[in-house]
Amino acid sequence: MKHAYLIIANRNPKQVNKLLNCLDDSRNDIYVLIDKKSKQLFPKYKTLYSNINYLQPLNIWWGDYSQIKAELELFKAASYGDYEYYHLLSGLDLPLENQDKVHAFFDNNLGKEFITYSSVQNQKDLEIRLHKYLFSHHFRTKNKVVSIINKIEKRLFTSYNQKRVDIDYIEFGSNWVTIENELVHSLIENEDSLYKMFNRGFLVDELFIPIFLNMHPKFKKRVFYEQKVTDAPDELQGNLRYINWWDGSPYVWRLSDYETLKNAKKMGHLFARKFDETVDESIINKIVKDCLK
């Protein structure tokens, strides 16, 4: 059984190529979706060992349902391969281990779902995200009028409950996940109901899979690591992606963080984000070199 790597990218084409080099393995197929709004030109990447597939570019807006749409489009495109695992990554991620170790780990943990649950926000704050907003494409905007309307809506939504999802089901965590084949197909089969639950919501990509798992207990029982993280550096993050929220939103790794990332790997993390070649290309090159050994 092969693995599918699903990549959502919006910038740094050269850096994305380095990510693909780390994933290029005969045991993997790669699916790439580029944000249509990107102002950078992405080439048609070439791989030596993996099959690489390109989806039609899609406009992806921060905090909007379009982020879930992009993930579902990748799941749908890859689902015909009935892969053992589907790894959803951004173009700013990198693996911390080589593919022999990645595959060995998942071979030893077949049937598990790898997601991160967070305890940072309470259910009432999360419930506010599930209301329908007027300008859901513009949660990050320089338009002062739209920004004021968004703030007013959030304030109003604290005073009455939304009706789309039972509050007992509401949890959240990182939208970057590794999940197995049956769950992928179940998400696709429920696309219409997912649209009704999350369309026009705010930051719903972080609610999408945690809520779905709560509504489908057989998948919830398969979660590899269910403990909720508090955004501390010494915690295992259940999606096995080491993401630093305690120093940034999230923090961009630099060469000075190399030992921290080595320690994250010892803790059990197989991937990390985020990296940015415009901030520090040296750490990217060092991690890639380690992965290709």
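1. Let's start with one side chain in this predicted model. Phenylalanine 198 touches Tyr65, Ile68, Leu130, Arg164, Val204, Leu207, Phe208 and Ile211, and that list leaves out its neighbours within four places in sequence.

2. Now for the core around such residues. The largest nonpolar core has 44 residues, and Phe198 is one of those with the most contacts inside it, along with Leu6, Phe75, Ile179 and Leu187. Which elements supply at least two residues each? They include strands E1, E2 (28-34) and E4 (85-90), plus helices H2, H6 (181-189), H7 (191-198) and H8 (208-215). H2 gives the most, with six residues.

3. A second, separate one has 37 residues, among them Tyr5, Val102, Leu236 and Val288. As background, nonpolar side chains tend to be buried together in soluble globular proteins.

4. The largest pocket has a volume of about 1,300 Å³. It is lined by 46 residues, and the closest to its centre are Trp62, Gln67, Arg140, Trp176 and Arg273.

5. Of its 13 lining residues, Ile34, Phe42, Lys44, Leu55 and Pro57 are the closest to the centre. The lining divides into seven nonpolar, three polar and three charged residues.

Methods: Residues are numbered from 1 along each chain as its sequence is written. This is a predicted model: local features need pLDDT of at least 70, side-chain atom pairs count only at pLDDT 80 or more; totals for chains, interfaces and linings use all residues. Side-chain values use heavy atoms; hydrogens and water are left out. On a 1 Å grid over the protein atoms alone, a cavity is a set of points where a 1.4 Å probe fits but cannot get out, and a pocket is an open set with protein on both sides within 12 Å along at least five of seven lines; lining residues have an atom within 4 Å of a point. Grid points are joined across faces, edges and corners, and a volume is the space filled by probe spheres set on the points. Ala, Val, Leu, Ile, Met, Phe, Trp, Tyr, Cys and Pro count as nonpolar, Asp, Glu, Lys and Arg as charged, and the others, Gly among them, as polar. A nonpolar core is a set of buried Ala, Val, Leu, Ile, Met, Phe, Trp, Tyr and Cys residues joined through side-chain atoms within 4.5 Å. Buried means under 20% relative accessible area, exposed over 50%, partly exposed in between (1.4 Å probe, protein chains only). Helices (H or I, at least four residues) and strands (E, at least two) are DSSP runs, numbered from the N terminus. Contact means heavy atoms within 4.5 Å.
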